Amino acid sequence: MAVASLVLGIISLVIAVGAGAANMGWVGSICGIIAIILGALSRKGEKKGIATGGLVCGIIALCWGVIATIACVSCLGAGASMLSGL
Amino acid sequence: MGFNFFGAFIPYYGLCIVIGLVCAASLGLFLCHKKNLDVNNFIIICSYLIAFGFLGAKILYIIVSIKLINFKEIFSSLKSFNEFISSGFVFYGGLLGGFVALIFVKKVHSIDIKEYLQILAPSVALAHAFGRIGCSLAGCCYGKVTSSWFCYIYKNSIVAPNNVRLVPVQGIESACLFMFAVLFTILNLKKVKINIFILYVFLYSILRFVLEFFRGDIERGIFMNLSTSQIISACIFICVIVYFIITKNHSSKKTVL
């Protein structure tokens with residue numbers, strides 16, 4: 001699980017940074033959250049170093065993905081208005 | 001609405017959300033250390049809360065704005081789908097999603113969430129406070145037009161009306177949430193025997209119900225002259241009162257026995 005966390009953390013980081021430019025950083029955020037959960041679960045057992053690595057990568061990917069994606073044109077409503085062409 | 005940083009556009013709202021999450025996580029980790037709780041469990045709970053919270057916030061936004069959303073256009077291209085994903089969230093949907101997350105964590109990971117809920121109250125309040133700063137900077141969730149000196153005037157907002165005095169509801173809510181965060185942190189450190197999370201939900205329901213009267217973004221769902229958030233706030237308020245009555249009766253019976 002620790003290795004899975006690290007691998008997913010690195011992948012999420014790459015996706016968040018790479019796809020963030022195309023406004024798809026949210027994909028990296030989702031992978032990042034999974035990496036964080038796996039990393040935190042693994043830290044309870046052995047291979048804490050690898051688990052921490054996955055955890056850190058996941059956190060960075062999550063933060064980067066949120067910044068790159070959540071522009072929040074409107075918390076409510078105005079975004080829908082724009083999308084419906086009003 | 002944002003700024004350029006070495007060629008990359010950084011939106012204010014996203015940045016505020018991240019700052020809020022980092023500050024909230026730091027506060028939570030500090031309180032975990034003070035109360036000798038497992039930090040890893042706190043990280044797991046927070047991760048599920050973020051995931052389910054965003055999902056819940058998006059789902060409630062879709063429910064409330066369904067008449068305004070053109071689904072055909074959303075799925076017509078990747079760009080419009082991404083725009084749909086990145087904008088439009090309702091806090092109460094996030095809160096409801098958070099409740100689902102807590103049940104999920106308890107069932108799947110067998111983590112006793114009671115003690116962590118006490119820590120989550122100030123953390124969530126802090127994250128929410130920063131989120132409202134983001135709303136203020138982005139121009140969303142704006143207030144009604146006012147003639148008062150106590151106002152906020154947007155100059156270049158693509159959401160809020162520009163060059164008009166608006167009630168600064170986002171700033172007011174943010175200030176109140178910062179006060180809640182401080183209060184709940186003190187209650188945690190003093191180890192006061194009170195359900196801090198229920199207190200947060202109770203206080204926020206009152207705050208949100210009142211502030212909704214000063215909101216000017218009429219795209220919110222309206223039912224019986226109350227907005228969706230006001231109806232949810234009223235339901236939460238009633239549920240908390242019922243909870244207090246039930247727990248009081250339960251503890252009275254225990255004393256008698």
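Biologist: Which residues touch the most other members of the largest nonpolar core?
Modeller: This is a predicted model, in which local features need pLDDT of at least 70 and side-chain atom pairs pLDDT 80 or more, while totals for chains, interfaces and linings use all residues. A nonpolar core joins buried Ala, Val, Leu, Ile, Met, Phe, Trp, Tyr and Cys residues through C-beta atoms within 7 Å, and buried means 20 or more other C-beta atoms within 10 Å of a residue's own, against 12 or fewer for exposed and partly exposed in between, with C-beta atoms placed from the backbone. Of the 96 residues in the largest core, those that touch the most other members are I36(A), A125(B) and Y200(B).

Biologist: Which helix gives the largest share of this core?
Modeller: Residues are numbered from 1 along each chain as its sequence is written, chains are lettered from A and ligands numbered from 1 in the order written. Helices (H or I, at least four residues) and strands (E, at least two) are DSSP runs, numbered from the N terminus. The largest share is 15 residues, and it comes from residues 39–64 of chain B, helix α2.

Biologist: Which residues does Y200(B) contact, leaving aside neighbours within four places in sequence?
Modeller: A contact needs C-beta atoms, placed from the backbone, within 7 Å. By that rule, the partners of Y200(B) are A121(B), A125(B), F180(B) and F184(B).

Biologist: At roughly what angle do helices α6 and α8 of chain B cross?
Modeller: Axes are lines fitted to C-alpha atoms, for helices over the stretch in contact, and angles between N-to-C directions run from 0 to 180 degrees. The axes of α6 (residues 114–138) and α8 (residues 196–212) of chain B come within 7 Å, and the crossing angle is roughly 35°.

Biologist: Which residues of α8(B) meet α6(B)?
Modeller: On the α6(B) side are L117(B), Q118(B), L120(B), A121(B) and A125(B). They meet, in α8(B), the residues I196(B), F197(B) and Y200(B).

Biologist: What percentage of the residues of chain A count as buried?
Modeller: Chain A has four helices and zero strands, in the pattern α-α-α-α along the sequence. Of its 86 residues, the buried part is 67%.

Biologist: Is S110(B) buried or exposed?
Modeller: S110(B) sits in the loop between α5 (91–109) and α6 of chain B, and its phi is near 55°, a positive value in a residue other than glycine. Most residues other than glycine have a negative phi. Because S110(B) has 7 other C-beta atoms within 10 Å, it counts as exposed.

Methods: Two residues are in contact if their C-beta atoms, placed from the backbone, lie within 7 Å.
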